[in-house]
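Subject: Handover of a structure

Dear colleague,

Please find below the sequence and the structure that I am handing over to you. A summary of the findings follows.

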Amino acid sequence: MPRYTARERRERYLREYDFQKRTGKQFFPYAIYHDAIMSVIVVGVIIAMAVFWRMDFGAVPTDASAAREGGLLGPAYESRADPAIEGYDPKPEWYFFFLFELLKIFKTPELLIVGSVIIPTLMMMALIALPFIDRRPERRVSRRPVAMAVGVAVPIVLLALTWRGDQGAGIAGEASNRPGATAFAQTLGCGTCHKLADAGTAGNVGPVLDDALPDYAEAVQVITNGRGAMPAFEDIGEDQINCIAGYVATWSGGEGETPGPNAASAEQAYPAACEAAGGEYAGEAGASAAGVPSRGGSAQAAG
Ligand code: HEC
């Protein structure tokens, strides 16, 4: 590419400007006219889709818990929000997963501002500053190692954070009907902090129990006395604690009908303790026998 002096560049620019002034079209009304037509088309399509959707979504079920079926453009409403569900894991849209993951990395209250404000602000400022920092006319990739490295590293980091953000969260599912599952997911709210597949919970404050694989004695200890950010559950009673600890030891890391690797540590005590604790601790049979009213609907209706 030939190099021009500043003066030559200015002359070229003035020539071009003059030429465009004489031969080009004016912003008003030409460009405005184009934009107006395009905007009318876009709004028209949105209105048409709304009208089509209104005619298409079909009857709205009167029963709040009934499944919502929709037409081509989706249902009129999703199922009602259920305030009794404690294991719900709020999750942002996928394109915010990287921020979500940053928040998980800096989750202590003192560090929160680093992930929520400081890092995003620094990145935004770097973007704004970029044209002022990098003023070389060089465009060849091989002669711009720093820019290339940054240009490759940033998307990789963003993609990795997005991927991780998706992993950790997981959608809260339904609790199994094993003894202890409902108590874990709903009654005690363990699931707001812990992910445990069998209980269908996806909390991400405490360790993922399917990975931590606590054995029975350890679980009893932690549940009774608390540990770190985890509160003590001493007050719920001994049978209850033994039941929940047994449930966690048995079904963490388990899959389907196969108990997890630490199941043996709880074998004797677990079902008996849940039976003794009764209610939501006893699992499906016990719960319905004791006439426990359904809390949060879905989890107890499961199975
Ligand atoms: C407020 C959030 C919170 C709640 C609620 C909670 N936990 Fe925890 N739990 C944690 C945290 C945080 C840790 C990690 C503690 C540490 O090691 O510093 C933990 C650790 C554990 C461990 C040990 C895991 C390991 O690393 O071996 C078990 C087992 C456990 N929790 C079970 C439960 C059960 C069962 C319940 C419900 C009765 C429950 N937790 C409720 C936050 C919570």
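In which helix is the place of Glu101? Glu101 is found in helix 3, residues 97–105; helices are DSSP runs of H or I with at least four residues, strands are runs of E with at least two, and both are numbered from the N terminus.

Before the further findings, a note on the basis of the work. This is a predicted model, in which local features need pLDDT of at least 70 and side-chain atom pairs count only at pLDDT 80 or more, while totals for chains, interfaces and linings use all residues. Residues are numbered from 1 along each chain as its sequence is written, and side-chain values use heavy atoms, with hydrogens and water left out.

Glu101 has a relative accessible area of 5% and is therefore buried (buried means under 20% relative accessible area, exposed over 50%, partly exposed in between, with a 1.4 Å probe and protein chains only). Leaving aside neighbours within four places in sequence, Glu101 is in contact with Leu161, Arg164 and Gly165 (contact means heavy atoms within 4.5 Å).

His194, through NE2, and Met230, through SD, are the protein donors of the iron atom, at 1.9 to 2.0 Å (donors are N, O and S atoms within 2.8 Å of the metal, or 3.2 Å for Na, K and Ca; water is not among the atoms, so sites may look incomplete). These two residues lie 36 residues apart and link distant parts of the chain: His194 is in the loop between helix 6 and strand 1 (195–196), and Met230 is in the loop between helix 8 and helix 9. His194 is buried, because its relative accessible area is 9%.

Around the ligand there are 22 residues, and the closest are Cys190, Cys193, His194, Glu218 and Met230 (a residue counts if one of its heavy atoms lies within 4 Å). Helix 8 gives the most to this shell, with three residues. A polar side-chain atom of Glu218 lies 3.0 Å from an oxygen atom of the ligand.

Finally, the largest nonpolar core has 28 residues, and Phe184, Ile223, Ile244, Tyr247 and Tyr281 have the most contacts inside it (such a core is a set of buried Ala, Val, Leu, Ile, Met, Phe, Trp, Tyr and Cys residues joined through side-chain atoms within 4.5 Å). Helix 9 supplies the largest share of this core, eight residues. Ile223 touches, among others, Met230, Phe233 and Ile244, not counting residues up to four places away in sequence.

With kind regards

Definitions and conventions
Polar contact = N/O pair within 3.5 Å; in protein donor to acceptor, adjacent residues only side chain to side chain.
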